[in-house]
Amino acid sequence: MNILESIGHTSMVRLRRVVPPGCAEIFVKLEWENPTGSMKDRMALAVISRAEEDGRLKPGDTIVEYTGGSTGAALALVCAARGYPLRIVTSDAFSQEKRDHMAALGAELTLVPSEGGLATRKLFLDMIEVARTLSQQPHTYWIDQLTNRDSITGYYPLGEEIWSEAKGEIDAFVQSAGTAASSRGVATVLKRHKPGIRIVVVEPAESSVLLGGPPGAHRIEGIGIGRTPPLWESALVDEVLPVSTLDAEEMARRLAKEEALFAGTSSGANVVAAIRVAGRLGPGARIVTLMVDSGLKYLSTEVFRRS
């Protein structure tokens, strides 16, 4: 067995203390059990494997990508295992832990400065343009995650795992949107098994573009790119819920202290939204959401930093 074979098959546990009485049951998939501590290992393996299979990626090529960090660490893992050089475009808007993790796995980092450490539409566009320039060098393969449909297929196994572990007893799935690949991949599988399942997508309240609002700055790393993601498929989504950065951060802290689940900010946002849905569906219903990544990636950020 090699390290890449350990991706997937993560645990699913029920939330016990943060869910108010009278709500549906909420289960969370512990995606930090993947090798780099996030669900992004699934998409990284898929996009690289598929590019190898059809010849877009050749031995000796350098891989380039823009990322806030978790995707970069996942790509660095696969590149280290498969022997590809990796150049990552990232920013100081994302945690130092993520940047250190990418570098430790062998990635060469190019930093794009942010506006006050915040994730903004301009920052994402600037990062993409830097990656585009790097990708024009010979023998280079650009992942371009926002438009790469191979990433969607990387989450099909996650959908099958959820369906199997829930034994088909699932009424709603909740997931925050960055590229929208994970929500779309899982929704595709779950809707195939149960067309009536409710798919709820979460976005930062400060940048609620999927609901028609203006783009804005926020601190929920990995989601809310300030525009509708190219991979967005509205036909698969039943509802979009906005969650504020402060509510997401507070829930991340509560999950650690009350549930012993140490997760990042987008996971906190997922649970905030899942509780809202659970209140509407009531007892007897079952909701699944994701612990997207480990809280170890955020120790230096406002979420867990001790004053």
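Start with alanine 260. Select it in the loop between α8 (245-259) and α9 (265-281). Helices here are DSSP runs of H or I with at least four residues, strands are runs of E with at least two, and both are numbered from the N terminus. Alanine 260 is exposed, at a relative accessible area of 66%. Exposed means over 50% relative accessible area, buried means under 20%, and partly exposed lies in between (1.4 Å probe, protein chains only). Now check the backbone: alanine 260 is not a glycine, yet its phi is positive, at about 60 degrees. Most residues other than glycine have a negative phi.

Before moving on, note that this is a predicted model: local features need pLDDT of at least 70, side-chain atom pairs count only at pLDDT 80 or more, and totals for chains, interfaces and linings use all residues. Residues are numbered from 1 along each chain as its sequence is written, and side-chain values use heavy atoms, with hydrogens and water left out.

**Alanine 180 and serine 176**

Select alanine 180 next. Look in the loop between β7 and α7 (181-193). Alanine 180 also has a positive phi without being a glycine, near 80 degrees. Is alanine 180 buried or exposed? Its relative accessible area is 3%, so alanine 180 is buried.

Step back to serine 176, in strand β7 (residues 172-176). Serine 176 counts as buried, at 4% relative accessibility. Show its contacts (heavy atoms within 4.5 Å). Leaving out residues up to four places away in sequence, serine 176 touches Ser182, Val202, Ile223, Ser266 and Asn270.

**Helix α2**

Now select residues 70-82, which form helix α2. This helix has 13 residues and spans 18 Å from first C-alpha to last, close to the 18 Å expected at 1.5 Å a residue. The expected span is 1.5 Å times one less than the number of residues.

How many of the 13 residues of α2 are buried? The count is 10, so α2 is largely enclosed by the rest of the structure. Colour them: Ser70, Thr71, Gly72, Ala73, Ala74, Leu75, Ala76, Leu77, Val78 and Cys79. Just after α2, find glycine 83, with a positive phi of about 90 degrees.

Zoom in on alanine 76, within helix α2. Alanine 76 is buried, with a relative accessible area of 1%. Beyond residues up to four places away in sequence, alanine 76 touches Leu86, Met102, Leu105 and Ala107.

Two packed helices are described by the angle between their axes and the distance between the axes. Axes are lines fitted to C-alpha atoms, for helices over the stretch in contact, and angles run from 0 to 180 degrees between N-to-C directions.

Display α1 with α2. Their axes come within 8 Å and cross at roughly 50 degrees. That makes α1 oblique to α2. Angles under 35 degrees count as roughly parallel, over 145 as roughly antiparallel, 65 to 115 as roughly perpendicular, and the rest as oblique. The crossing is right-handed. Right-handed means that the near helix is turned clockwise from the far one by less than a right angle, and left-handed means anticlockwise.

Select the contact residues. From α1 they are Lys40, Asp41, Met43, Ala44, Leu45, Val47, Ile48, Ser49 and Glu52. From α2 they are Ser70, Thr71, Ala74, Leu75, Leu77, Val78, Cys79 and Arg82. By class, this contact has 10 nonpolar, 3 polar and 4 charged residues. Nonpolar covers Ala, Val, Leu, Ile, Met, Phe, Trp, Tyr, Cys and Pro; charged covers Asp, Glu, Lys and Arg; the others, Gly among them, are polar.

**α3 against α2**

The axes of α2 and α3 come within 8 Å and cross at roughly 15 degrees. That makes α2 roughly parallel to α3. The crossing of α2 and α3 is left-handed. Here Ser70, Gly72, Ala73 and Ala76 of α2 meet Lys98, His101 and Met102 of α3. The classes are 3 nonpolar, 3 polar and 1 charged.
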